[in-house]
Amino acid sequence: EDPLSVDYSESWLRLVNSTRVPILMGENLDRRERFRDFIVNQACDIIQLDVRNTGGLLESKKIADLAHTFNMPMTAHNTGSLICVMATAQWAASVRDFIAAESVLGKGDWMDNIVVREGPLYKDGYYTLPDKPGLGIELNREVVEAHLAPGEKWWG
């Protein structure tokens, strides 16, 4: 995972060609222009983007589509909130050759309860995608209000 400086260089290509260990990269890149050389030159084995860093869901989908044209699988970096986890799950469901996603669920803190749940969000290592509009989630107002910065007010 990101064994070299995050920007593309010939060093990435040399590294990929010199090892059997799959090289994963991309969690700190934004926009498809910064992923292009890695994908086109096959300078990594797996693209691992972070939906928060790339420019959102549409930009992440465009990156995944480019990777697909070069038979490169996708993973997702995710150390954001449960909201980001659900956005990542929605994106992943739209991506070909998606392998896995990191998650911050299950730490046992208030962030695990930031959305209203009607059942488990994941089971046996797989997310259950909601079928409601948008990301399919509703913020838990009590939890959000309890953790607003001083002086902030509920906006919903």
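Colleague: How much accessible surface does the protein have, and what share belongs to carbon and sulfur atoms?
Modeller: In this predicted model, the accessible surface comes to about 9,100 Å². Carbon and sulfur atoms account for 51% of that area.

Colleague: What share of the residues counts as buried?
Modeller: Of the 156 residues in the protein, 35% count as buried.

Colleague: What does the C-alpha trace span along its principal axes?
Modeller: The trace spans about 50 × 35 × 25 Å.

Colleague: Turning to pockets, what is the volume of the largest one?
Modeller: The largest pocket has a volume of about 320 Å³. Thirteen residues line this pocket, and those closest to its centre are Phe98, Ala101, Gly125, Tyr126 and Tyr127.

Colleague: Which elements give two or more residues to that lining?
Modeller: These are helix H5 (82-93), strand E4 (98-101) and strand E6 (126-127). The largest share, four residues, comes from E4.

Colleague: What about the second largest pocket, what is its volume?
Modeller: The second largest pocket has a volume of about 250 Å³. Of its 15 lining residues, Val116, Glu118, Leu121, Pro130 and Gly136 are the closest to the centre.

Key. Residues numbered from 1 in each chain as written. Predicted model: local features only at pLDDT ≥ 70, side-chain atom pairs only at ≥ 80, totals over all residues. Heavy atoms only, no water. 1 Å grid on protein atoms, 1.4 Å probe; cavity = no way out; pocket = protein on both sides within 12 Å on 5 of 7 lines; lining within 4 Å. Points joined across faces, edges and corners; volume = space filled by probe spheres on them. Buried < 20%, exposed > 50% of the residue type's maximum accessible area, 1.4 Å probe, protein only. Areas by Shrake-Rupley, 256 points an atom, 1.4 Å probe, with all protein chains shown as cover.
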